[in-house]
Amino acid sequence: MHYEHHRWFSPRLGREMSLQIHGHAGAPVLIFPTSGGRQHEAYDFGIVGALSDKINRGHVQLICVDSVDRQSWYNYRAHPGFRSYYHNQYDSYVRHEVVPFIHWKNPNRFISTFGCSFGAYHAMNFGLRHPDVITRILAFSGNYRIDDFVRGHWDDNCYFNSPLAFMHHMGPSRHLDAIRRQRIVLTTTKHGEVPGLGHATYEMAQALGRKGVQPNYVVWEHGHHKHDWPTWREMAHVYL
């Protein structure tokens, strides 16, 4: 399997950022890690292995990015205003540094976002904010609110990085038209899910539906499916 590791200093984040590429060709899949995870998480926990046949055949190419969660939403020592600002800088880093890098490496413009748990939040948030460059969103077992992180604080960076908030208020626009053209997969499990995440997935599907967006909303009902990597590996193989 073709593999590359890249890193560069991001002026938007003021730090060096890394990413991994698995695969030589195919539709790019931008993979966000779970809470505080790193760019090698998809490999370490078997997502790359679960998709190895599709990767080796050149159907998909995985671009696995690093996170700044410990400096943004999970940085409880910092004021919520700084945390929301720093996450917005991360969004800018992915849009204006990572996406152009993907375009340079791969001529295929069918780019998906993908994430599990908190990575699902990232995949959904980035995908809905940038439907001009993201064609498909795959979000497994996520929460699409950031209210619990900001403890009553609210500003534009909070609003525009909370998918349930900005979708609720989004009116007719070219942006919404572009979202309606996206393919969106939302999954959760009926048994073994972290409390609240099943309802959060349902809420997100409903919020999209009210705006004329029809996601593929799926509840995996078998008892052995839990909020963990074996379930997400299965989901990845089915939906990617």
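Let's start with Cys 116: it is buried, at 3% relative accessible area. Buried here means under 20% relative accessible area, with exposed over 50% and partly exposed in between, using a 1.4 Å probe on protein chains only.

Ground rules, quickly. This is a predicted model, where local features need pLDDT of at least 70, side-chain atom pairs count only at pLDDT 80 or more, and totals for chains, interfaces and linings use all residues. Residues are numbered from 1 along each chain as its sequence is written, and side-chain values use heavy atoms, leaving out hydrogens and water.

Back to the cysteines. How many disulfides does the structure hold? It holds 0, a disulfide being a pair of cysteine sulfur atoms within 2.5 Å. For Cys 116, the closest cysteine sulfur is in Cys 64, 11 Å away, so it is too far for a bond. Cys 158 is buried too, with a relative accessible area of 0%.

Next, the cores. A nonpolar core is a set of buried Ala, Val, Leu, Ile, Met, Phe, Trp, Tyr and Cys residues joined through side-chain atoms within 4.5 Å. The largest has 43 residues. Those with the most contacts inside it include Leu 30, Tyr 90 and Met 204. Contact means heavy atoms within 4.5 Å. Look at Met 204. Leaving aside residues up to four places away in sequence, Met 204 touches Met 124, Leu 128, Tyr 144, Pro 163, Leu 164, Met 167 and Leu 186. Another core lies apart from the largest one. That core has 23 residues, and Cys 116 is among them, as are Val 29, Leu 62 and Leu 138.
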